[in-house]
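Reader: I would like a close look at a single part of this protein. Please keep it brisk.

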Amino acid sequence: MRKRKILDILIEDTKYPNVGVGYHEDKRVEVKGVLKGQEVKVKITRSKKDKMVGKLLEVLKQGEMEESSFCEHFGQCGGCSLQTLSYENQLKHKEYNVKKLLENGNIENYEFFDIIASPLTFEYRNKMEFSFGNEMKGGETTLGMHKKGRVHDVVTVDKCHLVDEDYRKILTTTLAFFKDRNIDHFNRKTHEGFVRHFTIRKSIKTKEILIGLSAVTETPMDKAEFVEVLRGLDLDGEIVGILHIQNDNISDMVQGPIDILYGRDYYMEELLGLKFKVSFYSFFQTNPIGAEVLYTKAIDYLGDIEGKKIFDLFTGTGTIAQVLSQKAKEVIGIEIVEDAVIAARENAKLNNLDNCTFIAGDVFDELDKVKNNKPDMIVVDPPRMGITEKALNKIIKFGAKEMVYISCNPKTLVDNLVQLEKSGYKVKKVVPVDMFPHTPHCEVICKLERV
């Protein structure tokens, strides 16, 4: 089968996180962004002996489980690919795909528990990172998310249902501000233009709002006027900080030094009775109400932590470490993002916790420095790439009797579980937790014991 061939395919199965599987003349065809039961038109982009990879061109017919979309941006925005499934069917879809990953990794003889639903299914996010761009080459400036299947095109998502009305007001006002002043978006190919990304972080509980504009350093804008316009909005929450991220880098990332235009460079979050100071670059769970469910279940899987020494690896701003420290004897958290570690230390003081130690550095390197400090239990909550083989080997050598793995990527989780089981650990319990309704992603908690 030659490339660029156009085929009509029935999607017969799915695999995590967002890939559909169909067949053409008994040859497997994999397509991103489709659902089981759909009939789709695809363009073949890769062909191998055992399978073909296709790009979705059109959904010809919806699957039997699908219903009408709830979002005005459906079909344009590349997010929320499960939104035509009822929430109940979204949960079944995610649970099925996680189970299948574990089966394919030959993880056996463990308890699998039903997926835990998110307490909120709409307006649950406390962070959105938008991009400036345009919907088509030469078009007017937009501010929102990348178009479905179009990495260079951006659609304005001023009615997004994953965030509350404050986000929508701030986004609309910001876009109008720069359009009215003819301040163009940064072009990734020509490196011309100014404004690049726009980040809004808001706590559902404290209602504090932190805003970050990623733009080239010499953007021709009246900063005081920009602050005045945003602060003049009638919002449910309170803007506590407006930042200019001075981004002169070539890569399409939010990075660079911070210039505080107004207020402060952090906002306050609350989780499980504790307060957290979250700086602009710090990681914090984007669904904080769901995070309370996630962490409560993870702590439940650890069991009796009274008087125990615990390592919390990839600790972020130290959220779960500080929850654990309320009962544990000692908690040591390691995190590579120094900004997050600074926040974690400040948060521990804020919460009057003196049995938490936070170390800034790569887990692989820093574990050597605490190798004589043997933990009773280990919690790992790595980024999407999972834990490298070398770093995981160091973790295994500590010989902790119990381990809880919190994963935001079940694919890399399974790779790590295979290595753990070969090294003397046994998977005992697994439960998916939905933190991202309407998207294909979910978290998974895994309890392991050394045998």
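Which residue caps the N-terminal end of α2, and where does its side-chain oxygen lie? Please go on from there to the helix and its surroundings.

Author: The model is predicted. Asp 164 caps the N-terminal end of α2. One of its side-chain oxygens lies 3.0 Å from the backbone nitrogen of Asp 166.

Now the helix itself. α2 covers residues 165-180, 16 residues in all. From first C-alpha to last, α2 reaches 22 Å. That is close to the 22 Å expected at 1.5 Å a residue. Beyond the helix comes Asn 182, with a positive phi near 55 degrees.

Much of the interest lies in what is covered. The buried residues of α2 include Asp 166, Tyr 167 and Arg 168. Ile 170, Leu 171, Thr 173, Thr 174 and Leu 175 are buried too. An α-helix has 3.6 residues a turn, so residues three or four places apart point the same way.

Asp 164 and Asp 166 belong to a network of salt bridges with Lys 202, Lys 207 and Asp 236. Within that group, Lys 207 and Asp 236 meet through their side chains, at 3.1 Å from N to O. This pair links distant parts of the chain, 29 residues apart. Lys 207 sits in the loop between β11 and β12. Asp 236 sits in the loop between α3 and β13 (238-246). Lys 207 is partly exposed, because its relative accessible area is 33%. Side chains of opposite charge can pair when their charged atoms come close.

Other salt bridges occur elsewhere; a search of the whole structure finds 29. One of them joins Lys 100 and Asp 13, with the closest N and O atoms 3.1 Å apart. Lys 100 is in helix α1 and Asp 13 in strand β2, 87 residues apart. Lys 100 has a relative accessible area of 17%, so it is buried. Asp 13 is partly exposed, at 22%.

Thr 14 lies in that strand, β2 (residues 13-15). Thr 14 is buried, with a relative accessible area of 3%. Its side chain makes a polar contact of 3.2 Å with the side chain of Asn 97. Leaving aside neighbours within four places in sequence, Thr 14 is in contact with His 93 and Lys 100, among others. His 93 is found in α1 (residues 87-104). At 13% relative accessibility, His 93 counts as buried. Beyond its sequence neighbours within four places, His 93 is in contact with Thr 14, Leu 35, Leu 82 and Leu 85.

α1 turns up again in the cover of another helix, α9. The 13 residues of α9 (residues 410-422) should span 18 Å at 1.5 Å a residue, and the end C-alpha atoms are 18 Å apart. Its buried residues include Leu 413, Val 414, Leu 417 and Leu 420. Besides α1, their cover includes α8 (389-397), β21 (402-407), β22 (425-433) and β23 (443-450). After α9 comes Gly 424, whose phi is positive, near 105 degrees. Glu 421 pairs with Lys 426 in a salt bridge of 3.6 Å, N to O. Glu 421 counts as partly exposed, at 24% relative accessibility.

Notes: Residues are numbered from 1 along each chain as its sequence is written. This is a predicted model: local features need pLDDT of at least 70, side-chain atom pairs count only at pLDDT 80 or more; totals for chains, interfaces and linings use all residues. Side-chain values use heavy atoms; hydrogens and water are left out. Helices (H or I, at least four residues) and strands (E, at least two) are DSSP runs, numbered from the N terminus. The expected span of a helix is 1.5 Å times one less than its number of residues. Buried means under 20% relative accessible area, exposed over 50%, partly exposed in between (1.4 Å probe, protein chains only). A polar contact is a pair of N or O atoms within 3.5 Å; within protein, one must be able to donate a hydrogen and the other to accept it, and residues adjacent in sequence count only if both atoms are side-chain atoms. Contact means heavy atoms within 4.5 Å. A salt bridge is a side-chain nitrogen of Lys or Arg within 4 Å of a carboxyl oxygen of Asp or Glu.
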